[in-house]
Amino acid sequence: MKQLTLLCVALLWAMPSLTQTCDTLICSDGFFYTLYPTDGECLWPIPATDFLDESLASCATSLDLAIYPAHEVITQGDDFEPTFGGQSDTLWITGDYEETTVVYVYSLLPDGTVQECISYVLLLEHIAIECYGTCLLSGLTATYDNEPIADVTIKIVGGLFGETTLAQTNTQGTYNLEIDEGSYQITAERNDNHLNGVSTFDIVLIGKYILGVQDFEQPYHIIAADVNQSGTVSVFDLIQMRKLVLNVITEFPDSPSWRFIPASYSFPVPANPWHETFPELIEIEAISDGLIEVDFIGIKMGDVNSSVIAN
């Protein structure tokens, strides 16, 4: 397999009197960057931190950086302004890059000052770059009795740069999107209309549960009754629910209106959902051209008789 070797040599764009501190952007003296590509016409990332002087190693990851090929900067001239955030902190090498590609590295200081230094990438072998494939992620959010839940925010964190991607469930409780290859953590969130599904009847049922007169059929109902998230169901939960029903408060102070548990999770002791810490996130490994389904069961806090309107 061929190797693509990148030689990055940095030129300092700064006054000689500047000192090497985290407040001063300084590029490295140069380094070799070796990749192992396959055929393709895709992108290969080099983070801007790789171009920084080793004196910035302790703070490199905390710096607000951006990196651009020189042709993008020169084309815009005096109108060019670097954008910080997203993937602008990464140089994406392609097979179409020139043998010698000059880059500008920028740093945004807390006071709004922007510093810059210049480097260049030397492509010793000019061949195609390895492709990063995508995976289709989809899923369903629903109550334990299969009522779909709309307007749930699905948060996907991870991938090549640990970025956060959001998706929203529709009225059928489903979502789908493409993600890059890599490892991810997925959670579901919804926090609106705390009173939805909560009534005096729920308070009565929880009171009977506390007194041992009547049990709940589902562990999800037990979790729903624990509106202060103490890991138990007690009169303190009833107090918060009464305040909510009487409009003394408009939301539970210690809990979002919904909690979500992976649909694949089985409670080892259904009568005690806190027997072990139940998960509220799912970890996946996305592969190219793969299809992954991630489903959640939603628990409307305070609703123990399943009267919530979920969509």
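This is a predicted model: local features need pLDDT of at least 70, side-chain atom pairs count only at pLDDT 80 or more; totals for chains, interfaces and linings use all residues.

**Entry 1: a sheet**

I began with an open sheet of 4 strands, whose order is E10-E9-E12-E14 and whose pairing is antiparallel. Strand E10 (163–168) and E14 are at the edges with a single partner strand each, so one side of each has no neighbour in the sheet. From one strand to the next, I noted a twist that averages 25°.

E9 and E12 run antiparallel and are joined by 6 bridges. As a reminder to myself, strands of a sheet pair through backbone hydrogen bonds, either parallel or antiparallel.

**Entry 2: salt bridges**

How many salt bridges does the structure hold? I found 3 salt bridges. My background note is that side chains of opposite charge can pair when their charged atoms come close.

Glu 189 turned up again, as its side chain meets that of Lys 155 in a salt bridge at 3.4 Å, N to O. Lys 155 sits in strand E9 (residues 153–158) and Glu 189 in strand E12 (residues 182–189), so this pair ties together parts 34 residues apart in sequence. I checked how open each one is: Lys 155 is partly exposed with a relative accessible area of 26%, and Glu 189 is partly exposed at 36%.

The side chains of Asp 192 and Arg 190 form another salt bridge, at 2.8 Å, N to O. Are its two members buried or exposed? Asp 192 is partly exposed, with a relative accessible area of 33%. Arg 190 has 11% relative accessibility, and because buried means under 20%, Arg 190 counts as buried.

I then went to Arg 259 and Glu 280, whose side chains meet in a salt bridge of 2.8 Å, N to O. Arg 259 lies in strand E13 (residues 258–262), while Glu 280 is in the loop between E13 and strand E14 (282–286), so the pair ties together parts that are 21 residues apart in sequence. Arg 259 is buried, at a relative accessible area of 10%, whereas Glu 280 is partly exposed, at 31%.

**Entry 3: strand E5**

I moved on to Thr 90, which I found in strand E5 (residues 90–93). Thr 90 is buried, with a relative accessible area of 5%. Which way do the residues of E5 point? Thr 90 and Trp 92 point one way, Leu 91 and Ile 93 the other way, and all are buried.

E5 pairs with strand E3 (residues 44–47) in the antiparallel sense, over 4 bridges. Within this pairing, Ile 46 has Leu 91 in E5 as its bridge partner. I also looked up a distance: Thr 90 and Ala 48 are 42 residues apart in sequence, yet 5.4 Å apart in space, C-alpha to C-alpha. The side chain of Thr 90 also makes a polar contact of 3.1 Å with the side chain of Asp 89.

**Entry 4: a nonpolar patch and a loop**

What makes up the nonpolar surface patch? I listed Ile 210, Val 235, Phe 236 and Ile 239, which together make a patch of about 350 Å². Helix H4 (residues 235–245) gives the largest share, 3 residues. Val 235 is in helix H4 and is partly exposed, at 45% relative accessibility.

In the loop between helix H3 (219–225) and H4, I stopped at Asn 228. Asn 228 is buried, with a relative accessible area of 18%. Its side chain makes a polar contact with the side chain of Ser 230, at 3.2 Å.

**Entry 5: positive phi**

I finished with backbone angles, recalling that most residues other than glycine have a negative phi. Asp 151 has a positive phi, near 60°. Asp 151 is in the loop between strand E8 (134–142) and E9, and is partly exposed, with a relative accessible area of 47%.

Asn 193 also has a positive phi, near 45°. I located Asn 193 in the loop between E12 and helix H2 (200–210). At 49% relative accessibility, Asn 193 counts as partly exposed.

Notes
Residues are numbered from 1 along each chain as its sequence is written. Side-chain values use heavy atoms; hydrogens and water are left out. Patches are made of residues with over 30% relative accessible area and no salt bridge: like charges are joined within 9 Å, nonpolar side chains (Val, Leu, Ile, Met, Phe, Trp, Tyr) within 5 Å. Accessible areas come from the Shrake-Rupley method with a 1.4 Å probe; for residues, only the protein chains shown count as cover. A salt bridge is a side-chain nitrogen of Lys or Arg within 4 Å of a carboxyl oxygen of Asp or Glu. Helices (H or I, at least four residues) and strands (E, at least two) are DSSP runs, numbered from the N terminus. Buried means under 20% relative accessible area, exposed over 50%, partly exposed in between (1.4 Å probe, protein chains only). Two strands pair if DSSP finds at least two bridges between them. Axes are lines fitted to C-alpha atoms, for helices over the stretch in contact, and angles run from 0 to 180 degrees between N-to-C directions. A polar contact is a pair of N or O atoms within 3.5 Å; within protein, one must be able to donate a hydrogen and the other to accept it, and residues adjacent in sequence count only if both atoms are side-chain atoms.
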